[in-house]
Amino acid sequence: MNIELARKTGSAALLPLEGKVALVTGGGRDIGQACAFSLARKGASVAISYHASAQGAEQTVAQIEDEGGRAMAMGADLSKPDSANAFVEAVVAQYGHIDILVNNAGGLVARKTILEMDLADWHAVMDLNLTSVFTMTKACLPHMRAGGSIVNLASLAGRDGGGPGAVAYATSKGAVMTMTRGLAKELGPDIRVNALCPGMIDTDFHNVFTKDEVRNKVAASTPLKREGDPQEIGEIVAFLATEGAGFINGACIDANGGVSFS
């Protein structure tokens, strides 16, 4: 969709997030990038953080701008409060306020059993997946307007314990789900907080950490007989940020093709 054309036609239906400002952490690739595109195509000005995906972040911003949207990107280590605060302050300086926060940054780091893992490994996974949600939420809240929305990316692993060597990752994502429910109570009625729990999605995460035969087996086991696409996740995230999802709060929504039901 050409965002500028939609603006010129004045179609609120096409741009339900017009005038909103959205932050997406880890927006340089895969699901984060898809979230940025979906939010921008619904009219939001989008700011993305990146850590190791600078080129992808630049490409994301360039594509949004080519379509007539507004975007910016900034490197940040979100496990560190000062870095999270600096990112948020830069966004507020650029756009004036914040309406939407998508806590997407995260990862498995490495497949390790508990016996193989040391405390540094454990903290690395927790900082990446859970501490980043804390630092970004805390940094954004003073700048978020009433009617705002936070969407946290959890995982099917948070429900079923994950695959081999993923205990730390699954634990962190389960904690994200619990944090989502607690924040929904704490921040209502001004700000809604929800989580999305993707299953097997065609991303670099699985390119790196999941064997092809496992991916094929999981995909075949779903009623839809396939992996998910990042853009499908991005569309759900963007919907959760709109007024159309105004009575959805504290939910942990599954998107796994039917392989598991909550």
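Tutor: Y50 stands opposite G75 in strand β3. Strands (E, at least two residues) and helices (H or I, at least four residues) are DSSP runs, numbered from the N terminus. The model is predicted, so local features need pLDDT of at least 70 and side-chain atom pairs count only at pLDDT 80 or more, while totals for chains, interfaces and linings use all residues. Residues are numbered from 1 along each chain as its sequence is written, and side-chain values use heavy atoms, with hydrogens and water left out.

Start with strand β2, residues 45-50. β2 and β3 pair in the parallel sense, over five bridges. Two strands pair if DSSP finds at least two bridges between them. β2 also runs parallel to strand β1 (residues 21-24), joined by four bridges. There, V24 has I48 of β2 as its bridge partner. In general, strands of a sheet pair through backbone hydrogen bonds, either parallel or antiparallel.

How enclosed is β2? Five of its six residues are buried, so β2 is largely enclosed by the rest of the structure. Buried means under 20% relative accessible area; exposed is over 50%, and partly exposed lies in between (1.4 Å probe, protein chains only).

Angles run from 0 to 180 degrees between N-to-C directions, and axes are lines fitted to C-alpha atoms, for helices over the stretch in contact.

Follow α3 to its partner. Helix α2 (residues 30-41) packs with α3 (residues 54-66) at an angle of about 20°, their axes 10 Å apart. The two helices are therefore roughly parallel. Angles under 35 degrees count as roughly parallel, over 145 as roughly antiparallel, 65 to 115 as roughly perpendicular, and the rest as oblique. The crossing of α2 past α3 is right-handed. From α2 come Q33, A36, F37, A40 and R41; from α3 come G56, T60, Q63 and I64. Contact means heavy atoms within 4.5 Å. This contact of α2 with α3 has four nonpolar, four polar and one charged residues. Here Ala, Val, Leu, Ile, Met, Phe, Trp, Tyr, Cys and Pro count as nonpolar, Asp, Glu, Lys and Arg as charged, and the others, Gly among them, as polar.

α2 also packs with helix α10 (residues 230-240), at about 50° and with axes 7 Å apart. These two are therefore oblique to each other. Their crossing is right-handed. α2 brings residues including D30, I31 and A34 to this contact, and α10 brings residues including P230, Q231 and I233. By class, the contact of α2 with α10 has nine nonpolar, three polar and three charged residues.

Terms used. A crossing is left-handed if the near helix is turned anticlockwise from the far one by less than a right angle, and right-handed if clockwise.
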